[in-house]
Every structure is written in C-alpha cells, then in structure tokens.
Amino acid sequence: MQTKPFRIGTRGSPLALAQAHEARDRLMAAHGLPEEMFEIVVLTTTGDRITDRSLAEIGGKGLFTQELEEKLALGELDFAVHSAKDMPTVLPEGLYLSAYMPREDIRDAVVGRTAAKLIDLPHGATVGSSSLRRQALIRRMRPDINVITFRGLVDTRLRKLAEGQVDATLLALAGLKRLGKVDVLTDILDPDTFPPAPAQGAIAIESRIGDERMDNLLAAINDPATFDAVSCERAFLGALDGSCRTPIGGYAICEGDQIKFSGLIITPDGRHQHAISIDGNRRDATALGTRAGQDVRARAGTTFFDDWS
C-alpha cells in the first residue's frame, strides 16, 4: 500500500504545470486517490534557462528533459510528465515512455498582429518562430517573409508580438487550449498543408523500465489511440534521426484497428521536400513509422541532409 505521495516531475512553465496537473487529476479519478497522494516536483531545465538561442544551437530537445530524467533515474521522482514533441527519440538507459494521455488538437495556430492569416501578411513581414519545421513551412508558403528565431514561454511570445517585434507568430493549438488562451489565435493551419511536429498535442509520461508499481498506476490513464499514433510518429523521427536540427512534420490517425500516417521532410529554406503517406494495422504502428522514415531518407538521398546540422 502506497503511503508516501507519488512524486510527479515537471518543468515549471504554465503549460508544463497544466499538463502535470492534468496527469495528477486523471490519476486521482482513475484510482480514487486524494490530491495529497501526489506531489508535483518542479525542476528548471537547461532549455528553460537558455532562451536567447534556438534549440538547434544549444543542443536540441533533450535540454527540456535532462534534469527530470536524472532525478527519475535516481528514484527521486516516480514519473515525469512531458510535452511529447519535446522528447528525444533515444531516451536514457532504463527509462521509457510508458503512457500517453488523450491527445489534444495536433494543429498549429497563427497569432497575427498585422493580418490574421500568414498568406495575408504584408510583403516582407516578420514572423517569429523557434521551430525549424515551422520556419521552413512558412518559407515554403511565403518566401518573401522574414522568419526570425522567437523563443520563450507563450506569454513571453505574445508580449513580444504585442510590442511589435514581429507581425505574427505560430503556437501549438493544443498549448493554447490547455492554457485557456484560444482567444488569441487568428487562424488555424490545415495539417495537410502545414503538418505538425510529430507527437504535437500529446502529453507523454516517462518512467523507469521494470517499475511494475508505476506501470500499473499509469496504465489507467494511457490512451491506446494516442499511444499508437505517437509511437508511429516517433518511429518516423527516429528513422530520420529527427531532432530540433531537422525540419520534419508528420502525424498519424487511428481509425479502428487501422492507422494512417503522413510525413514530410523539408529543407530549412522551404524549397525542397519529400512527403509520404502510409497506412496499415495499428499493431504495426512503430514498424510503419520506421518504414516511412527509411523510405523518405532513401528517396531524399544523402545530399538532402547536408544543410541540416
């Protein structure tokens, strides 16, 4: 019988805290446990501390997870809650993504100051984004637009936008929904033409391999459709060695026992791309994602990736 509170690791941003609280609330409901049986442990990550450079410059996605994973490996946390799209494809030894909560909207949202839609922005307008994927897709849509690196918490980016530093910025619609800030968006982008980051909109829970107590606790809030879709998307990333240095989009949708995946790799300037669509049985989700990534890599050829690092 558990007597001490379960320790939930999270970053301290408003979005990260909202996600940790969602995990706690779902576990309370699933197991009939009181709030005091959960302790939310907030840690500051390297990615939180360094905000003046792109993630590609300072080391990639793992900068949002390293400190949490160190505490988790040491047993100082019972599990950690992450934005799934922040997770590297290779995790530290002994850790794994054991559960995904039901996914939110996968799409990107535009928050425009001088026009509501990207297509309607003035010639030569400036758009801020820290995502290489978003930057490349913006350049594909509007080669005339000046795209600049734009990091920080959601409120920080919205403040910079209001101050006139950029004409528009892009944010994950899922994050805006979780923060109760949907009213700021001015457009929502179609994932068929502006594919999201793999795992966008999903909350991942990371725990120790072999910790049956945690596996049993977390299984109650795992959403099988989200698990299969994100597993497919992460396998696509893994086959392409995907990181914050690589402009990659892709998403999977589960329909019954079938899964459909669409993926895209694109050069940072938005000029060249390779896309793929594949479908199959959900039990083969990871293998399908891997096959899609390998196929795209083979078609693109080695020179396609020369400017990615």
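How many bridges join β4 to β10, and in which direction do the two strands run? Five bridges join them, and the strands run antiparallel. Along this pairing, L95 has R208 of β10 as its bridge partner. Strand β4 covers residues 95–100, and five of its six residues are buried, where buried means under 20% relative accessible area, exposed over 50% and partly exposed in between (1.4 Å probe, protein chains only). Two strands are said to pair if DSSP finds at least two bridges between them. Helices (H or I, at least four residues) and strands (E, at least two) are DSSP runs, numbered from the N terminus.

The model is predicted, so local features need pLDDT of at least 70 and side-chain atom pairs count only at pLDDT 80 or more, while totals for chains, interfaces and linings use all residues. Residues are numbered from 1 along each chain as its sequence is written, and side-chain values use heavy atoms, with hydrogens and water left out.

Taken as a whole, the protein has 10 helices and 13 strands. Its radius of gyration is 19 Å, close to the 19 Å that the globule rule gives for 309 residues, so the protein is as compact as a globular protein of that length. This radius is taken over C-alpha atoms, and the globule rule is 2.2 Å times the number of residues to the power 0.38. Along the principal axes, the C-alpha atoms fill a box of roughly 65 × 45 × 35 Å. Of the 309 residues, 53% count as buried. Among contacts (heavy atoms within 4.5 Å) between residues at least 6 apart in sequence, 70% join residues at least 24 apart.

Eight bridges join β11 to β12 (residues 258–266), and Y251 stands opposite S262 in β12.

Among the buried residues are T226, F236 and L237, and the partners they pack against are β4, β11, β12, β13 and α10. After α9 comes D241, with a positive phi near 55 degrees. C232, also in α9, is buried at 1% relative accessibility. Its sulfur lies 8.2 Å from the closest cysteine sulfur, that of C254, which is too far for a bond. The structure holds zero disulfides, a disulfide being a pair of cysteine sulfur atoms within 2.5 Å.

A second open sheet has five strands in the order β7-β6-β8-β5-β9, and its pairing is mixed. Its edge strands, β7 (146–148) and β9, each pair on one side only. Two bridges join β6 (residues 126–128) to β8 (residues 168–172), which run parallel, and G128 stands opposite T169 in β8. Helix α6 (residues 154–162) packs on this sheet and touches β5 (108–112) and β8, its direction making about 165 degrees with that of β8.

Helix α1 (residues 14–31) has 18 residues and reaches 26 Å from its first C-alpha to its last, close to the 26 Å expected. Its buried residues include A16, A20, A23 and L27. An α-helix has 3.6 residues a turn, so residues three or four places apart point the same way. The cover over the buried residues of α1 includes β1 (6–10), β2 (38–42) and α8 (212–219). Following α1 is G32, whose phi is positive, near 65 degrees.

Most residues other than glycine have a negative phi, whereas phi of A199 is positive, near 75 degrees. At 2% relative accessibility, A199 counts as buried.

Terms used:
The expected span of a helix is 1.5 Å times one less than its number of residues. Axes are lines fitted to C-alpha atoms, for helices over the stretch in contact, and angles run from 0 to 180 degrees between N-to-C directions.
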